[in-house]
Amino acid sequence: MKTVLISGAGVAGCSLAHWLRRGGFAPTVVERAPALRPGGQAVDIRGVALDVVERMGLLGPVRAAATRMRGMSMLDADGHELHRSTEATFSSGRLDSGDVELLREDLVGMLEQLAQEQAEFIYGDRVTALDQDKHGVGVEFEHGASRTFDLVVGADGLHSAVRGLVFGPEADFLHHLGTHLAIFSAENFLGLDNWQLWQRDGDAGYGIYPVRDNSELRVTFGFASGPFDPANRDPEALRREVAERMGALRWETPRLLKALREAPDFYSDAMAQIRLDHWSRGRAVLLGDAGYCASPLSGQGTSLALVGAYVLADALGRTGGEHRAAFAEYEARLRPFVEANQALATENPGGPAAEESVERAKNAITLDV
Ligand SMILES: Cc1cc2nc3c(=O)[nH]c(=O)nc-3n(C[C@H](O)[C@H](O)[C@H](O)COP(=O)(O)OP(=O)(O)OC[C@H]3O[C@@H](n4cnc5c(N)ncnc54)[C@H](O)[C@@H]3O)c2cc1C
């Protein structure tokens, strides 16, 4: 049985572990965090990605966990309502579309549970060195003993370590989109009932919505920023920087600042895309945000990860694990889909992509060849 090391237990890594096991491979997932990572806002599953979820047997649970937003209000800098909509929200698009929006942590929990039954999971460790030859890939870990695998997959997100080890420095592939995001939870002190608030104040603003039956809020704070310095990724330094930027805003900022300081699930990153000419080198291949992050602005990062995992496992299965042929097929099938979805983030700077573009992009691939 061919062995595959997957770096990263996010949407991409957990999905791939499931599909590889079903295809007769032996996957091992190594995740840097000590346990499943909570936090983040809601993510969207759209178009072809819903078919993938259905083939995993998860469409029912995913729909049951979907957010139930009724609409949204846009606010001015002092919190006065400028406009409201019961047809669409910024986070999920049209409310009558059939697409699913759910909390990232709920989706990853379901995917991890499915994969856990079949794959080896190692938490609290990470790859530190890779050494490929024609027989396999020698892998060194920060804590565990060295091992050899037939293949290695980098599914370790925007700042992928596997990409760094195999392809080179992040700065060569990361395209900053000019904004930085921070996401954290708060009590529902605004009394929101399945209703989103979006507020803009100059080049910064909040997106706020209630989750878990309105029992808590997830707050997104976005602000214009220069290119992200990958070296400066200490979470507490980021939290201080975010607090400083939030301090310039009016409205509910004092209470939001208190929530930011106390939040156990603070997450922050640059809005950026990853673009590479090739997603594989030898026995190593990239998947999801690690290889082709489209940024939260596209609304399609989760769907790309789900579809990418399916296509990669399918290609490996049909080539009997012959990685050169499989990686070439994976890339040929997936690249047009990736490009159509990355374009959603840049088509209308400062606002959402056109509905027709989203419809086209979310279905720009067929699962069966
Ligand atoms: C905590 C968190 C919150 C997020 N919140 C949002 C959100 O609110 N909205 C949104 O649109 N997108 C969010 N994202 C990004 C979104 O999940 C992805 O764009 C999308 O789901 C694609 O998933 P992925 O599996 O490729 O990458 P990710 O979801 O980023 O998963 C990558 C995984 O790899 C792990 N990892 C990182 N480095 C290493 C390493 N060196 N070794 C081992 N493991 C490693 C990470 O801990 C993570 O579990 C979030 C990501 C994270 C990690």
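**Chat on a predicted model: helices, sheet and cores**

Biologist: How does the span of helix H1 in this predicted model compare with what 1.5 Å a residue should give?
Modeller: H1 covers residues 11–22, and at 1.5 Å a residue its 12 residues should span 16 Å. The end C-alpha atoms are 17 Å apart, which agrees.

Biologist: And how many of the 12 residues of H1 are buried?
Modeller: 10 of the 12, so H1 is largely enclosed by the rest of the structure. The buried ones are Val11, Ala12, Gly13, Cys14, Ser15, Leu16, Ala17, His18, Trp19 and Leu20.

Biologist: What follows H1?
Modeller: Gly24 follows H1, with a positive phi near 90 degrees.

Biologist: Are Cys14 and Cys293 buried or exposed?
Modeller: Cys14 is buried, at a relative accessible area of 0%. Cys293 is buried too, at 4%.

Biologist: Changing topic. Which strands form the open sheet, and in what order?
Modeller: Seven strands, in the order E5-E4-E15-E16-E17-E14-E18, with mixed pairing. Neighbouring strands in this sheet are turned by 20 degrees against each other on average, direction ignored.

Biologist: Which strands stand at the edges?
Modeller: E5 (81–85) and E18 (267–274). Each has a single partner strand, so one side of each is left without a neighbour in the sheet.

Biologist: Do E4 and E15 pair in the parallel or the antiparallel sense?
Modeller: Parallel, over five bridges, between residues 71–75 of E4 and residues 195–201 of E15. As an example, Ser73 has Leu197 in E15 as its bridge partner.

Biologist: Which helices lie across strand E14?
Modeller: H6 and H7 are two that do. Helix H6 (residues 235–246) lies across E14 (174–187), E16 (204–211), E17 (216–224) and E18, and runs at about 80 degrees to E17. Helix H7 (residues 253–262) lies across E14, E16 and E17, at about 90 degrees to E14.

Biologist: Take Leu260. Where does it lie?
Modeller: Leu260 is in helix H7. Its relative accessibility is 0%, so Leu260 counts as buried.

Biologist: What does Leu260 touch?
Modeller: Leaving out residues up to four places away in sequence, Leu260 touches Phe184, Arg239, Val242, Ala243, Met246 and Phe266.

Biologist: How far is the C-alpha atom of Leu260 from that of Ala237?
Modeller: 13 Å, with the two residues 23 apart along the chain.

Biologist: On to packing. How many residues are in the largest nonpolar core?
Modeller: 82. Leu287, Val307, Tyr330 and Leu334 have the most contacts inside that core.

Biologist: Which helix gives the most to this core?
Modeller: H9, residues 301–318, which gives 11 residues.

Biologist: And what does Val307 touch?
Modeller: Val307 touches Val48, Ala49, Val52, Leu334, Phe337, Ile365 and Leu367, again leaving out residues up to four places away in sequence.

Biologist: What does the second core include?
Modeller: The second core is separate and has 25 residues, including Phe184, Ala204, Val242 and Phe266. Of these, Phe184, Val242 and Phe266 also come up among the contacts of Leu260.

Note on methods. Residues are numbered from 1 along each chain as its sequence is written. This is a predicted model: local features need pLDDT of at least 70, side-chain atom pairs count only at pLDDT 80 or more; totals for chains, interfaces and linings use all residues. Side-chain values use heavy atoms; hydrogens and water are left out. A nonpolar core is a set of buried Ala, Val, Leu, Ile, Met, Phe, Trp, Tyr and Cys residues joined through side-chain atoms within 4.5 Å. Buried means under 20% relative accessible area, exposed over 50%, partly exposed in between (1.4 Å probe, protein chains only). Helices (H or I, at least four residues) and strands (E, at least two) are DSSP runs, numbered from the N terminus. Contact means heavy atoms within 4.5 Å. Two strands pair if DSSP finds at least two bridges between them. Axes are lines fitted to C-alpha atoms, for helices over the stretch in contact, and angles run from 0 to 180 degrees between N-to-C directions. The expected span of a helix is 1.5 Å times one less than its number of residues.
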